[in-house]
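This report covers the nonpolar core, the ring contacts and a few backbone details of one predicted model. The sequence and structure come first.

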Amino acid sequence: MADLTPEANRAARAILKWSVRDLADKAGIAFSTVHRFESTGSATESTKAKIKAAFAAHDVEITNGDYTGARLFLHRAKD
C-alpha cells in the first residue's frame with residue numbers, strides 16, 4: 001500500500017467531500033492531528049494507518065503512481 005502524504009490525504013478527503021473534522025471522526029483521531037499532518041506532514045505510522053483505514057472503508061485508496069494521490073473504487077454490478 002502506498003505511503004500517505006498530506007497531498008494524497010487532501011485528495012482523498014476531496015473525493016469523499018469530507019472536512020478535516022469528518023476525517024478525524026471517521027479515523028478515530030483528533031482534529032488537530034489531521035490538521036497537523038496536512039500542514040506539516042508529521043504523523044505516526046499508527047495515525048497514518050487509521051487514516052488510510054477510514055478511507056478504505058469508504059472505497060478510497062491512496063496511490064503512488066507517477067504522483068501520490070487517491071482514487072475511488074467503483075463497484076460494478078455482477079452479471
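## Nonpolar core

The largest nonpolar core has 18 residues, and those touching the most other members are Leu 4, Leu 23, Ala 27, Val 34, Ile 51, Phe 55 and Ile 62. A nonpolar core is a set of buried Ala, Val, Leu, Ile, Met, Phe, Trp, Tyr and Cys residues joined through side-chain atoms within 4.5 Å. Buried means under 20% relative accessible area, exposed means over 50%, and partly exposed lies in between (1.4 Å probe, protein chains only). At least two residues of this core come from each of H1, H2, helix H3 (31-40), H4 and S1. With 4 residues, H2 gives the most. Helices (H or I, at least four residues) and strands (E, at least two) are DSSP runs, numbered from the N terminus.

Leaving aside residues up to four places away in sequence, Leu 23 is in contact (heavy atoms within 4.5 Å) with Asn 9, Arg 13, Trp 18, Val 34, Ile 51, Ala 54 and Phe 55.

## Ring contacts

The whole structure holds 1 aromatic pair. Trp 18 and Phe 55 form this pair, which is stacked, at 5.8 Å centre to centre and 25° between the planes. Trp 18 is in the loop between H1 and H2 and Phe 55 in helix H4, so the pair links parts of the chain 37 residues apart. Rings of Phe, Tyr and Trp (its six-membered ring) pair if their centres lie within 6.5 Å; planes under 30 degrees apart count as stacked, over 60 as edge-to-face and the rest as tilted. Trp 18 and Phe 55 are both buried.

Arg 21 lies over the face of Phe 31, 4.3 Å from the ring centre. The criterion is NZ of Lys or CZ of Arg within 6 Å of the ring centre and within 35 degrees of the ring normal.

## Backbone details

Lys 17 lies in the loop between helix H1 (6-16) and helix H2 (20-27), and counts as exposed because its relative accessibility is 74%. Asp 59 is in the loop between helix H4 (45-56) and strand S1 (60-64); its relative accessible area of 29% makes it partly exposed.

Thr 5 belongs to the segment before H1 and is buried, with a relative accessible area of 18%. A polar atom of the Thr 5 side chain lies 3.0 Å from the backbone nitrogen of Ala 8.

## Basis

Residues are numbered from 1 along each chain as its sequence is written, and side-chain values use heavy atoms, without hydrogens and water. In this predicted model, local features need pLDDT of at least 70 and side-chain atom pairs count only at pLDDT 80 or more, while totals for chains, interfaces and linings use all residues.

Terms used. Polar contact = N/O pair within 3.5 Å; in protein donor to acceptor, adjacent residues only side chain to side chain.
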